[in-house]
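This report looks at a protein together with its ligand, beginning with the contacts around the ligand and ending with the division of the chain into domains. Please keep the structure in view while reading.

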Amino acid sequence: MYGLVNKAIQDLISTQFGEDKWLEIKKLSNFEDDFFIGLQTYPDELTYTMVKNASKVLGADASVVMQAFGEYWILYTANEGYGDMLSLSGDTFTEFLNNLDMLHQRVNNIMPDLVAPQFSTRNETENSIQLEYRSKRAGLCPMVHGLLIGLCQRFKLSNYEVKQIVHKDAQNDCDVFSITWK
Ligand code: HEM
């Protein structure tokens, strides 16, 4: 994955848990450079290892770390030069979800090696929607859960609830999330 993702993980850990915790996680993950380069790709394995070690050092489930990361990503990208891209992707929550693939296509223009996930919406009503998530990578559903919470907050939805209602398996070709609000 692009270094931007690893940078965001580093930023989340060092701002919310302290630099010492980050240095511990960095060491355990055998990452020896001084910093990540946002527009350079790193092996996915490094990102997964960092999450695993963050879970160990912080004493939280890996899924909790990933969900917190997803939530943080919405704020992080907005502050790291991708704010316009987020703003251009929709004025409402549902419009934004419908434009997620377009958003990653725009990202792809500056990150040519991006391996982006795919999203599509279904069963949209006035206060609910379902989001299908397809990825070449495994295990990232807790991150999607956190991303959706971050988006509910960005769009100031009230009483929102995010739930995974379908898990990808032999019968289902994708993961599906349901989001409701009042
Ligand atoms: C301007 C904002 C955004 C930027 C710059 C961005 C960029 C990226 C980048 C660089 C990756 C790593 C993939 C790779 O390097 O191959 C990624 C992955 C991902 N992005 Fe985005 N993204 C943005 C917004 C979003 C939003 C709003 C969502 C909400 C659902 C999202 C969902 C994901 C997911 C789930 C992945 C994990 C990869 C996978 O499932 O295979 N992204 N994105």
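How far from an oxygen atom of the ligand does a backbone N or O atom of Val115 lie? In this predicted model, the separation between the ligand oxygen and that backbone atom of Val115 is 2.8 Å.

## The pocket and its shell

The ligand takes up the space of the largest pocket. Two or more residues of the shell around the ligand are given by each of helix H4 (62–87), helix H6 (100–110) and helix H7 (141–154), and H4 supplies the largest share, with 5 residues.

There are 25 residues around the ligand, of which Tyr2, His104, Val115, Tyr133 and Ser135 come nearest. When this shell is sorted by class, 21 residues are nonpolar, 3 are polar and 1 is charged.

## Division into domains

The protein chain is divided into domain 1, covering residues 3–60, and domain 2, covering residues 65–180. Taken over C-alpha atoms, the centres of domain 1 and domain 2 are separated by 22 Å, and the contact between these domains takes 17 residues from domain 1 and 14 residues from domain 2.

How values were computed:
Residues are numbered from 1 along each chain as its sequence is written. This is a predicted model: local features need pLDDT of at least 70, side-chain atom pairs count only at pLDDT 80 or more; totals for chains, interfaces and linings use all residues. Side-chain values use heavy atoms; hydrogens and water are left out. A residue is near a molecule or strand if one of its heavy atoms lies within 4 Å of it. A polar contact is a pair of N or O atoms within 3.5 Å; within protein, one must be able to donate a hydrogen and the other to accept it, and residues adjacent in sequence count only if both atoms are side-chain atoms. On a 1 Å grid over the protein atoms alone, a cavity is a set of points where a 1.4 Å probe fits but cannot get out, and a pocket is an open set with protein on both sides within 12 Å along at least five of seven lines; lining residues have an atom within 4 Å of a point. A molecule sits in a cavity or pocket if more than half of its atoms lie within 2 Å of its grid points. Helices (H or I, at least four residues) and strands (E, at least two) are DSSP runs, numbered from the N terminus. Ala, Val, Leu, Ile, Met, Phe, Trp, Tyr, Cys and Pro count as nonpolar, Asp, Glu, Lys and Arg as charged, and the others, Gly among them, as polar. Domain bounds come from an automatic or database domain assignment. Contact means heavy atoms within 4.5 Å.
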